[in-house]
Amino acid sequence: MDKDSLHHGHRERMRSRLLKQGADSFYDHELLEYLLYYVIPRRNTNEIAHQLMNKFKSFNGIFNASEEEIASVNGMGKSSAMFLKLISDICSDSTVSPATMAEKDLSKYFLDYFENVSSDLCLLLNIAGNYEIRGKISFTKSGVLTDVNEQRRIVELLLKSDCNKISLGINHASGIFLPDKNDLAITRMFAEKYTCIGINLIDSIVCFEKNTVSLRECGIFSF
């Protein structure tokens, strides 16, 4: 198999993952790699993304760098640097503030998020202060229960978000809205294992169609 075929297969897997799990399931270097697909059609943008992150440390570091500095990274060039600076300009023009919500709004938030989702997806909200959402992490039930690397990814993203509270939404694509054994296992994992790093689970909410069940209100766990 030639290099072009290998890159194409990897890109298709990345696109599929983005569609199924959303951008929140990506590390920063993976998001950068994906963005570069649009201006670097044939090269391995994973390597380029790593070089950019190693040099500038973060998206903010890249966006605050000059076009010349970005273009100097091996594999970039003027057009790719202009593309990233354009994204930087668009982001800097945004005046959207972090989302905030009251505790009672969590169920509605998860219902709205899962409205058109046809898989058993989970969403973890990173919450700080007065219910300010610092970030979102999506993952599958099977992935988080069986994949150590997926568990490690979630911990790293939580630590990076500097949050001290999390809320878990669990989508039931079919069946009934009552919690099943996997829902309980996932909830137990977040309720018990993450307190040691200063992150507390405030609720776990199961969603099915227009119905929700709060495990906190059910008294199943001592949140």
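Two strands are counted as paired if DSSP finds at least two bridges between them. Helices (H or I, at least four residues) and strands (E, at least two) are DSSP runs, numbered from the N terminus. The model is predicted, so local features need pLDDT of at least 70 and side-chain atom pairs count only at pLDDT 80 or more, while totals for chains, interfaces and linings use all residues. Residues are numbered from 1 along each chain as its sequence is written, and side-chain values use heavy atoms, with hydrogens and water left out.

Five strands build an open sheet of mixed pairing, in the order S2-S1-S3-S4-S5. Strand S2 (132-140) and strand S5 (211-214) stand at the edges with a single partner strand each, so one side of each is left without a neighbour in the sheet. From one strand to the next the twist averages 20 degrees; axes are lines fitted to C-alpha atoms, for helices over the stretch in contact, and angles run from 0 to 180 degrees between N-to-C directions.

Strands S3 (residues 165-171) and S4 (residues 200-208) run parallel and are joined by seven bridges. Within this pairing, asparagine 171 has cysteine 207 in S4 as its bridge partner. Helix H7 (residues 106-114) touches strand S1 (121-128), S2, S3, S4 and S5, and its direction makes about 140 degrees with that of S1. Helix H9 (residues 148-161) touches S1, S2 and S3, its direction making about 175 degrees with that of S2.

Isoleucine 205 finds its bridge partner in serine 214 of S5. The hairpin of S4 and S5 has two residues between the strands, and in this hairpin glutamate 209 takes a positive phi near 55 degrees.

The nonpolar interior comes next. A nonpolar core is a set of buried Ala, Val, Leu, Ile, Met, Phe, Trp, Tyr and Cys residues joined through side-chain atoms within 4.5 Å, where buried means under 20% relative accessible area, exposed over 50% and partly exposed in between (1.4 Å probe, protein chains only). The largest such core has 21 residues, and those with the most contacts inside it are Leu124, Phe139, Ile154, Leu158, Ile166, Leu168 and Phe190. S1, S2, H9, S3, helix H10 (181-193) and S4 are the elements that give two or more residues to this core. Apart from it lies another core of 18 residues, including Leu32, Ile48, Leu52 and Ala81.

The structure holds six salt bridges, each a side-chain nitrogen of Lys or Arg within 4 Å of a carboxyl oxygen of Asp or Glu. In one of them, arginine 17 meets glutamate 30 (3.1 Å, N to O). This pair links distant parts of the chain, with arginine 17 in helix H1 (residues 3-21) and glutamate 30 in helix H2 (residues 28-36), 13 residues apart. Arginine 17 is partly exposed at 22% relative accessibility, whereas glutamate 30 is buried at 13%.

Aspartate 180 forms a salt bridge with lysine 141, their closest N and O atoms being 3.2 Å apart. Aspartate 180 lies in the loop between S3 and H10, and lysine 141 in helix H8 (residues 141-146), 39 residues apart.

Technical notes: Contact = heavy atoms within 4.5 Å.
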